[in-house]
Amino acid sequence: MALTEQQQRAYVASQAADARLNVELQTEDMVLNIGPQHPATHGTLRVVARLDGEQVVWADVVCGYMHRGYEKLTEVRTYPQITTLVNRIDWLSSFANEVPFILAAEKLMEIEAPPRAQYIRTILFELARIANITLFIGTMGADLGAITPVFYAFRDRERILNQIEAVTGGRFHPNFDRIGGLKDDLPRGWIDETKNAMVRVREFCDELEELLMGNEIFQARTRGIGVIPSDIGLSYGLSGANIRASGIDWDLRRDQDLPLAWKDLDWKVWTHPDGDSFARFWVRLQETREASKMVDQMLDGLPAGSIQAKVPRIIKVPAGEAWVHTENPLGEMGYYVVSQGGLGPFRCKIRSASFNNVSVLPWLLRGAYVPDIITILASLYFILGDIDR
Amino acid sequence: MGVVEKGTFRKPALKPLTWLLNYSRKYSLWMYQWGLACCAIEMGAAMVSPRYDIMRLGVIPFPAGPRQADLICISGTVTDKMAPAVLRLYEQMPDPKYVISMGSCANCGGPYWDSYSVTKGVDQIIPVDVYIPGCPPRPEALLEGIVLLQQRIQSEDMADRWRGDPIVVG
């Protein structure tokens, strides 16, 4: 594996320091095991790192502690039942998981949801994104030793969860998307409440921008740490904010034509040229603010009409294959559905973002120092259900 | 705990002492959080969100390790790969210890009742005191589970709990 310039420089500097002291510092290799239950891994990821003194010389990721067998379970469920299941893959943004699956089924059945349903889907999608990234902003601070952002994040996240709950009835797992539309329309007074909540989200972003990103210690611990060059990121299949922080302007919301509301909106894809931990944090913070503006636009331009297309009572999807992927909060998430005309799919391949995002860790951790492992893990931002499925 | 084994606390004069011991124990529960899946986020909301604030019930989250914990909250899906680690952590906790099983997955497998890799219920490997249903349960449900556990601790007879085979060291 190629070393980055920074990794090489750190190595040369450490060798030079030893030469100046006229000693040859040789330390025994030590294996450091992080996880499977460690607060910094946000669940049950296990990272095994071999250390030479304070530097990581080799690292590997052991996943599978949260493998629940989604792909096999989808084969024994019907299409409406699967939305319940796929909710729980990325549990922080559950609604965003349902949408690509439902779109794949609709693509096979050749129906399209009415415009109002498309808008409400996109609104809930972006609310899920805000709920997800708000927590990231908090936990990134916590992992670096600042406990305050977590309290702020959970406080403001409740406002988003309230809005999601008011529509869908579930704080976490809405299970609200249906083939051909949605379960229900928006409740009365929801639009104004959501607009108020969006104002609070933007205030939260401003607050954290000053509190955390302006903090000198935070910058010292994140700038230049865990640099992913764009070609390495692409070759490992990184997606989402992780690849946008490496300067690749790639966003599936803009780059493809889906029957969702993003194409009607005026918004911007944020990128950062640095590719370090700070850039990944910065991009996610900007995306949260952008998402709140998108929700405002969609609430203003919400079309009237029905929320459900005509579908048969018993849903049978015709034989065929469909691939739909969307830009989820963690990155690219897609479903490859193979149907043989039955009540449920014959096979369903799930591409989730976090699995590819953590696959870069063995490359990235090499040459890093021990305290930076936590920074790198936090800034890559994975969710265990999304890695192991 | 020699006094307990001799049955000193069973004398009527010492009943208030038992009450006091139980009362102190129930309001200083150190909870080792075992965040496994979706429920961990709701548990986190209960612990750090100002709206729920589990600490007002006397539960102290984030001990440094299982050796310092009285209570373990299994929140989320236990897979077969994870089950040995769960058991090992439970065994490291000092007695008396309590287990809260949070969410359908930890209770019985939940939506993964027919999955090949999920342990259907954490009670197959460790004894559970309080089950909290829901997928995931709301943070309020976790708070009620804590209150139920505290009622149980208050009415517990330590002599009964400690009677059994003597611990042999070496």
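**Exercise 1. Locate Tyr27(B) and classify its exposure as buried, partly exposed or exposed.**

Solution. 
- Step 1: Tyr27(B) sits in the loop between helix 2 (15–26) and strand 1 (29–35) of chain B. The model is predicted.
- Step 2: read the accessibility. Tyr27(B) has 39% relative accessibility.
- Step 3: apply the cut-offs. Buried means under 20%, and exposed means over 50%. Tyr27(B) therefore counts as partly exposed.

**Exercise 2. Describe how strand 3 of chain B is paired and whether its residues are buried or exposed.**

Solution. 
- Step 1: find the partners. Strand 1 of chain B pairs with strand 3 in the parallel sense, over five bridges. Strand 4 (residues 98–102) of chain B also pairs with strand 3 in the parallel sense, over five bridges.
- Step 2: pick out bridge partners. Cys73(B) stands opposite Ile100(B) in strand 4.
- Step 3: sort the side chains. Leu71(B), Cys73(B) and Ser75(B) point one way. Ile72(B) and Ile74(B) point the other way.
- Step 4: conclude. Five of the five residues of strand 3 (residues 71–75) are buried, so the strand is largely enclosed by the rest of the structure.

**Exercise 3. Classify Asn107(B) as buried or exposed, and list its contacts.**

Solution. 
- Step 1: Asn107(B) belongs to helix 5 (residues 104–108) of chain B.
- Step 2: its relative accessible area is 14%, so Asn107(B) is buried.
- Step 3: leave out residues up to four places away in sequence. Asn107(B) then touches Ser101(B), Gly121(B), Asp123(B), Tyr131(B), Ile132(B) and Pro133(B).

**Exercise 4. Characterise the contact between chain B and chain A.**

Solution. 
- Step 1: count residues. Chain B gives 32 residues and chain A gives 33 residues.
- Step 2: take the area. About 2700 Å² is buried between the chains, and carbon and sulfur atoms give 61% of that.
- Step 3: find the main contributors in chain B. Ile41(B), Lys81(B) and Tyr112(B) lose the most area to chain A, together 21% of what that side buries.
- Step 4: Four salt bridges are counted between the chains. Arg138(B) and Glu165(A) meet in a salt bridge through their side chains (2.5 Å, N to O).

**Exercise 5. State how strands 6 and 7 of chain A are connected and paired.**

Solution. 
- Step 1: a hairpin links strand 6 to strand 7 through two residues.
- Step 2: strand 6 (residues 320–328) and strand 7 (residues 331–339) run antiparallel, joined by nine bridges.
- Step 3: Glu321(A) stands opposite Val338(A) in strand 7.

Technical notes: Residues are numbered from 1 along each chain as its sequence is written. Chains are lettered from A and ligands numbered from 1 in the order in which they are written. This is a predicted model: local features need pLDDT of at least 70, side-chain atom pairs count only at pLDDT 80 or more; totals for chains, interfaces and linings use all residues. Side-chain values use heavy atoms; hydrogens and water are left out. Two strands pair if DSSP finds at least two bridges between them. Helices (H or I, at least four residues) and strands (E, at least two) are DSSP runs, numbered from the N terminus. Buried means under 20% relative accessible area, exposed over 50%, partly exposed in between (1.4 Å probe, protein chains only). Contact means heavy atoms within 4.5 Å. Buried area is the accessible area (1.4 Å probe) that two parts lose on being put together, summed over both.
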